[in-house]
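Visitor: I have not seen this structure before. Please show it to me, and then I will ask about some of its parts.

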Amino acid sequence: MEPQPIIGYSMDALQGILQSRNQSWDPRMLQIGIDVMLIHAYDSLPSLPAYTTAPLSHAAATASWVPDGADRIGHLPDPILRDVISRLPVKDAARTAVLASRWRSLWRSAPLVLDDIHLLTGIATGPAGRPRIGDETPGLADAVSRVLATHPGPFRSVHLTCSAMEAHRGEVARWLDALAAKAVQELAFINRPWPLDIRLPATLFRCASLTRLHLGVWKFPDTAAVPRSAAFPNLRELGLFFINMDERDLAFLLDRCPVLETLTMILQIGVSLRLVSRTVRCLQLCMTKVDDVAVVDAPRLDRFLLFMSGMSKTSRIKIGRAPNLRVLGYLEPREHVLEIGNTVISAGTKESPSTVVPSVKILGLEVKFAVRNEVKKVPSFLRCFPNLETLHVKSATADEATGKASLKLWKEGGPITCVLRHMKKLVFHEFQGLINEIVFLKFIAENARFLEKMVIVVAYACYSSGEDVNSKLKPLTCAKWVGGTCKLQVFKSPFEGTTGGPVYDIRLASEFSQIADPFDLIYYRESL
């Protein structure tokens, strides 16, 4: 029997399936796995515009330090006070009504910022400060209902991530009704399993005021119950995390987001996506089992980011019309079949006008340098991006070495234009000291005429084992560098284990004005 996704199974049902296959059953380990999964969802959520480090009780306790005891805050204009109140945790915001008669109406007229984590009391927390799977959250749903019913709106930002929605299906529908009626702008709505097949009410599509929407651990609404006119006309950011949906559901959703700029998918299973959008600027697929992703027509797409998006299965990544695509990666030659236009890129593919994406300036690759057949694909991948200026390469560990890749391999198939004419920066992450890694780095040093900086981040396992890293890098220092002003910098990776650290920050990746290169984490600190 083929493995089946766990979406839709209750804990008891999953236990029965595993036992019928004579597979071990340890609910504690499964709970740990789900907790880790949810951490990724929580970490990807946008930050709330609310301060939690200085609660109102602390402010009241320090009020006596005001020199003359004057109420200077109370003299501020109402719009400023409303903005201050909207940045307080919801409990503290509501309590401002007792400060003075003037404050009584301010909370009700201030845009609501609600994170249900601020309503938890006396509960042991797990990942990201939220309750652990299976833990009860007594009174939480009632508290959420009271806040949503009491506050007249508008709702600026609402995060509902701490409730096991199975026990509150009636409240879920009423919450969405209230959010729609009171013009919610930003919504994060994450179910705490089990089970994993709770259908999200179709009333979600009534929230036409949304500008940001993050959904997690739901079964997609029945589209037959959604009016044809339903849409998210203001939605610019969409995050989908472990949503039970098929290709038609995804197309249905995207068709109703006419101004969408950022699409993030995390831990989705069997994704098939045809991106046709005149507005999307950032596409992220993280820890997602990709079957087929085609960028068909995306004239504004600037970033196409992938992280662990093969999941041990060959995935097709096709790039059609994307004239402004500037950042791409991390591509994995062992799992991604890259297709440019109508040409599948394979070892030995020549550079031609039909096989290049000239707009790409920043590329990320994850390569098992111990596997020669995988290394052979890298030159062909690089030829697809002739104007590349910054290359990030992460060296992945392999179960066993399967051959050496000489300098001749890198020169077969003709010149690599980006290396010869445009590459300015190379960052090599998780250097393991392999011969094939040194050969690649030496090839870049001896051929990249305009290279300004080469950064090598040495894997923890390499420098902590007592090996002489400098001796491993000696062939590189003896190479005939063609870039006379290039700087070589070598750092230690702070991440233990064999996988290294994250390749980029999901939350920051779409910050176009602040983050020019989302792969340049600068997480390395100590030089060798």
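Guide: Buried means under 20% relative accessible area, exposed over 50%, and partly exposed in between, with a 1.4 Å probe and protein chains only. This is a predicted model, in which local features need pLDDT of at least 70, side-chain atom pairs count only at pLDDT 80 or more, and totals for chains, interfaces and linings use all residues. Residues are numbered from 1 along each chain as its sequence is written, and side-chain values use heavy atoms, with hydrogens and water left out.

Visitor: Is histidine 392 buried or exposed?
Guide: Histidine 392 is in strand 16 (residues 390-395); helices (H or I, at least four residues) and strands (E, at least two) are DSSP runs, numbered from the N terminus. Its contacts (heavy atoms within 4.5 Å) include Tyr330, Val427 and Asp517, not counting residues up to four places away in sequence. With a relative accessible area of 0%, histidine 392 is buried.

Visitor: Which residue in strand 10 stands opposite cysteine 286?
Guide: Two strands pair if DSSP finds at least two bridges between them. Strand 8 (residues 282-286) has 5 of its 5 residues buried, and Cys282, Gln284 and Cys286 point one way from strand 8 while Leu283 and Leu285 point the other way. Strand 8 and strand 10 (residues 303-307) pair in the parallel sense over 5 bridges. Opposite cysteine 286 stands phenylalanine 307.

Visitor: Within what arc do the buried residues of helix 4 fall?
Guide: In helix 4 (residues 78-86) the buried residues are Leu81, Ile85 and Ser86. They line one face of the helix because, seen down its axis, they fall within an arc (taken from the directions from the helix axis to the C-beta atoms) of 135 degrees.

Visitor: How many residues apart in sequence are the parts that phenylalanine 428 and phenylalanine 440 tie together?
Guide: Rings of Phe, Tyr and Trp (its six-membered ring) pair if their centres lie within 6.5 Å; planes under 30 degrees apart count as stacked, over 60 as edge-to-face and the rest as tilted. Phenylalanine 428 and phenylalanine 440 form a tilted pair, 6.2 Å centre to centre with 40 degrees between the planes. Phenylalanine 428 lies in strand 17 (residues 425-431) and phenylalanine 440 in helix 14 (residues 435-447), so the parts tied together are 12 residues apart in sequence.
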